[in-house]
Amino acid sequence: MEAVYGFPPPELAMPGSGARQLSPLVPGAEAIEDLPDGALTRLVIQAPPGTLERRYVLAHGLRALEPDGVLIALAPKTKGGARLGAELAAFGGEVRQDARRHHRICQLRRPAHPAGVADAIAAGAPRVLPALCLWTQPGVFSWDRIDPGTRLLLGHLAGLAGRGADLGCGLGVLALRALESAAVSDLVCADIDRRAVDAARRNITDPRARFLHADLRGTAPGLEGLDFIVMNPPFHDAGQEDRGLGLAFIAAAAAVLRRGGVCRMVANVALPYEGRMKAVFAQARLVAQGGGYKVYEGVR
Ligand SMILES: C[S@@+](CC[C@H](N)C(=O)[O-])C[C@H]1O[C@@H](n2cnc3c(N)ncnc32)[C@H](O)[C@@H]1O
């Protein structure tokens, strides 16, 4: 069985046809963690930029490959690629390296007994971070600290009521605050990152919460006629700045709110979201500004 993790540029490494997708950022994909040991014959990994996350994925890949199975891992040189060869070599086996189009492309055959796999998996695994008192995992957005934009929005979530959603919920920090209001009857926590949804599910045990692993650029099942939205929309897709993503979130928020429903959103001051807020909401206003972030409220 062949598999692929992420979307490696096809001109650099081609997954076999029928390769199964393992990325946590693809709703419906299999989880690399769930593959039995030795299940794969070949695996292509678009290696993530964070060191702990990358070594975790590489280690799981080696675990899931059969002995002598082929692992191809690649990353842009400035986003972990420069270290990829050494990281793979540390697991054992002979690594062949190639450099093309600002990427490092590494290939090795799985050694019979790769070294350090369990340690790399433990270092990148879900855990409770005492400083946050939250379940989290390296690779999830702002996995080891509260994002400053999120922190600003946390101070402006009073008065929420009825049925709502946290779009791009991450670890569930905004959702937890929203659920402090007894007037909230139910809250959907939605994210494209399966690891984030899993962490949010562990962090929020309130029976009013539901969880959704979905790409909010598409239609989100079951989200309609909502009374409120809270969100800190993403502006990176696959490591690249993508302002269109934030604009898509604003459109998604407006689409799932009832008339009169409220959206509270935070964004970096440099992002041009005000115009879109005014275009899709009946009323849009700046609620707060500080530390390089703005909180907006839109009323549908
Ligand atoms: C800026 S983070 C905010 C996370 C969390 N709400 C917080 O405040 O810490 C944006 C979140 O959106 C998620 N995301 C990115 N693209 C998405 C998409 N197309 N559909 C759904 N969620 C997405 C990311 O995984 C990330 O968790």
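Predicted model: local features only at pLDDT ≥ 70, side-chain atom pairs only at ≥ 80, totals over all residues.
Figure 1. The strands are arranged in the order 11-10-9-12-15-17-16, and their pairing is mixed. Strand 11 (209-213) and strand 16 (283-290) each have a single partner strand, so one side of each is left without a neighbour in the sheet. These two strands therefore stand at the edges. From one strand to the next, the twist averages 15°.

**Figure 2. Helix 6 on the sheet.** Helix 6 comprises residues 194-203 and lies across strand 10 (184-191) and strand 11. Relative to strand 11, helix 6 runs at about 170°.

**Figure 3. The surroundings of the ligand.** The ligand is surrounded by 19 residues. The closest of them are Thr150, Gly168, Gly170, Ile192 and Pro234. Classified by side-chain type, the shell around the ligand consists of nine nonpolar, five polar and five charged residues.

**Figure 4. The contact between the two domains.** The domain assignment divides the protein chain into domain 1, residues 2-124, and domain 2, residues 141-299. The centres of domain 1 and domain 2, taken over C-alpha atoms, are separated by 32 Å. At the contact, six residues of domain 1 meet eight residues of domain 2. On the side of domain 1 that touches domain 2, five residues are nonpolar and one is charged, with no polar residue.

**Figure 5. The protein chain as a whole, for orientation.** The secondary structure of the protein chain amounts to eight helices and 17 strands. Along its principal axes, the C-alpha trace spans about 60 × 40 × 35 Å. A compact globule of 300 residues would have a radius of gyration near 19 Å, and the value of 21 Å for the protein chain agrees with this.

Key: Residues numbered from 1 in each chain as written. Pairing = 2+ DSSP bridges. Helix = DSSP H or I, 4+ residues; strand = E, 2+ residues; numbered from the N terminus. Axes fitted to C-alpha atoms, helices over the stretch in contact; angles between N-to-C directions. Contact = placed C-beta atoms within 7 Å. Near = placed C-beta within 6 Å. Nonpolar A, V, L, I, M, F, W, Y, C, P; charged D, E, K, R; others polar. Domains from an automatic or database assignment. Rg over C-alpha atoms; globule rule 2.2 N^0.38 Å.
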